[in-house]
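This report is meant for someone meeting the structure for the first time.

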Amino acid sequence: MTVWRATWLILVVFLVVALLPLSSSVAQPRPTLNLVSMSDRFSGALTRMAPDFERETGIKVNVTIQSYGELYSRAIADFVGRTGGADLYTVDIVWTGEWGENGYLADLTPMIQRDRAAIAYDDVFPAVWKLGGWQGKQYAFPLAAYAGVLAYNKKVLTDMGIKPPRSVPEFATAIQKLTGDGRYGIVMNGARGAPCAQDWMYHMLIQGGSILDKDGLPALNSTANVRALTFFADMFKYAPPGATSYAWGDRELAFRSGTAMMQIAWSTGVRAHRDPAMSKVATISDITTLPQAAGAPTRYPLGGWSIGINRDSPNKQAAWEFIKWITSQRVRREFVRLGGEPIRRSEVSDPTLLAEFPWFAMVGKSFENADGDFRPRIRQYPRIQDILGLEVNLAITGQKSPKAALDDAQAKAMPLFGR
Amino acid sequence: MGEYTGATADRSAAAAARPVAKWLKRLGLLPWAAPALLFMLCFAFYPLGYSLYISFFNYSLTDPTQTQEFAGLANYLKAFADPAFRVAALNSVLFVILAVGAQTVLGLAIAVLLNRDRPGTPLVRTLLLAPLTLTPIVVALVWRALYNADYGVVSYYLKALGVNVGRGPIGEPSTALLALVIVDVWQWTPLVALMLLAGLRSQSADLFEAAQIDGASGWQQFWCVALPLLRPILIVALLIRTMDVFKLFDSVFIVTGGGPGYATEVMNHYIFKTGLTFFDMGYAAAMSNLLLVLIGLFTAVYFRAIGQLGVTQ
């Protein structure tokens, strides 16, 4: 009896041990992904669509939404500490160089090449691949692309017989004509730091200027840039008096309240322009591509966000599955409807989306000639932006001449490149 | 039998515990203070020591090689040569003088007014707490809107009074720092007032009666009796506010971003940008230590003042 019992026991133990790997592979739970996203319009779409992905694949995605600064600090702390705190991060276009060069993100290039047909690679605007692309490698997948556009009060311009400006002189004339009777021709960000630096960069692009020269070194005090800063500073005469301390929210408010007639802004803000609950110009505003300086190549600003995988994520495959899903043609319509911005040609020509978002046609036109490097995606960019944020502010508040401000900016920027 | 065994066990346990008790007695109060000391060690002394350590290195968190190159005093010398840091230090000192000065004068005036029991005084005392209950970020956002040159209430009334506000209180380099001082004074004067009021309430009425009998006027009673007795509390209030104002960050970050130009750049904001935006940890640590020294200098001045005035007791 004891022998029988012992034999049975051995057999049961053997069977349990033998079946253990099989059972663990069968019952292994699908991973949970942690995604940290910028608090932008598209983050709402990510949150609302994550349960759909879980229903389809069994992979849960926890979406954490953070402000710009918090997201950057959290990501850097995670990358440097190699804590693998999040599997996925949304990546601002200007972070691409730093994050790619430092190897913070997993290289998606092999996976993109492998799944090229499935992800409909060629449907994504070529310029939009700059979102997450760095030195021939793709570290993050484009998620929401923004075009820098000229938003204008169509009714007032039409009533005054002013056509949307196509050139810099036309732009200046329109701004001046539109100012008066409690109206301001234009509104721009003037607050020190990123607000005024980024708004000035739109004007720099329009005037044919650039942050770097052909050798990749700072060219902040080039003739075109000084011209752009002179123009930018002059235009504050036709902006609301407080504009020198405006950031994005104030600028948008001035336009949506009908106080300012024009502004250069990212296309992601157009939904708010057209929302009667948020805008007094909901039915009378429109957008167009930016005016261009004579002789300068046609270049329109490109910005936006991509989504990348933390190099220390233990769930890279699942994370890639999510990226493929959220950027796939199949779900993009819903993603865009819920707050995302287009990245694909099929999205800006989709009749359903165009019926809801008619300005997408103009956004698509801008993407065809987009310049994703007008704010250079290099690791020195945050420093350059900070330098310009100070010097441009000093110029628009009359504390320095545009030339002196950009000369000083150049002198401060060169050491960042070891010069 | 059971009782007998228990008593033996108790005795042996007591005998075993005796050396522990002796050991504890020898340590005095140390075991009781140990948790607090451990906390201080982990969350105050270690970070402070580490901050001092990395201030001697070129250490950038975003440097892919993560090398920490010994730099000696280079980060400190860089701070002294950095025009932005020098302006930030000057602005910080100016801010402390203006804000703490105004808070002390106004706080004292409010405390004296509220020290008299009149109808409605308890309600006013309670309402005084309102600004203190708000988080600095909320206060900053509200004041940013109030100061807006185009739709802000402050600018509106200034314009109504015929004042040319130009680019608005926070848009003009000449008024931006003062505008931030007003925000700080609005929020923190009540704290100073309440501290001083508590001091005034604790003063013995006998002293004032004696002064009155000696023929002292109301002003003389305040100047020669109340104020000298209030000095220790005044010094504590000054210390707390000085340290706090040197750490000013929220309102600068939200309202002006340090601008226009350098007009409102203060040390803490500049250190934040260097350390947590550009991740230049060595330089940020060096500047933090210099800020610590500056606060230490102010504290020393206050304590010296207490000593000279003979109010330490």
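Taken over C-alpha atoms, the centres of domain 1 of chain A and domain 2 of chain A are separated by 27 Å, the domain bounds coming from an automatic or database domain assignment. Domain 1 comprises 32–146 + 302–366 of chain A, and domain 2 comprises 147–300 + 374–417. This is a predicted model, in which local features need pLDDT of at least 70 and side-chain atom pairs count only at pLDDT 80 or more, while totals for chains, interfaces and linings use all residues. Residues are numbered from 1 along each chain as its sequence is written, and chains are lettered from A and ligands numbered from 1 in the order in which they are written.

Chain A holds 18 helices and ten strands, where helices (H or I, at least four residues) and strands (E, at least two) are DSSP runs numbered from the N terminus. Of its 419 residues, 49% count as buried, a residue being buried if 20 or more other C-beta atoms, placed from the backbone, lie within 10 Å of its own.

The two sides listed below rest on contacts, two residues being in contact if their C-beta atoms, placed from the backbone, lie within 7 Å. Ala, Val, Leu, Ile, Met, Phe, Trp, Tyr, Cys and Pro count as nonpolar, Asp, Glu, Lys and Arg as charged, and the others, Gly among them, as polar.

| Side | Residues by class |
|---|---|
| Domain 1 of chain A, touching domain 2 of chain A | eight nonpolar, four polar, five charged |
| Chain A, touching chain B | eight nonpolar, ten polar, four charged |

Between the domains, 17 residues of domain 1 of chain A are in contact with 17 residues of domain 2 of chain A. On the domain 1 side, α4 (96–101), β9 (300–309) and α16 (360–368) of chain A each supply at least two residues.

Helix α8 (residues 194–206) and helix α9 (residues 223–235) of chain A pack at an angle of about 125°, with their axes 9 Å apart; axes are lines fitted to C-alpha atoms over the stretch in contact, and angles run from 0 to 180 degrees between N-to-C directions. That angle makes α8(A) oblique to α9(A), because angles under 35 degrees count as roughly parallel, over 145 as roughly antiparallel, 65 to 115 as roughly perpendicular and the rest as oblique. Among the residues making this contact are W200(A) of α8(A) and F231(A) of α9(A).

Between chains, 22 residues of chain A are in contact with 22 residues of chain B, and α17(A) gives the largest share of the chain A side, five residues.

Key:
Buried ≥ 20, exposed ≤ 12 C-beta atoms within 10 Å, placed from the backbone.
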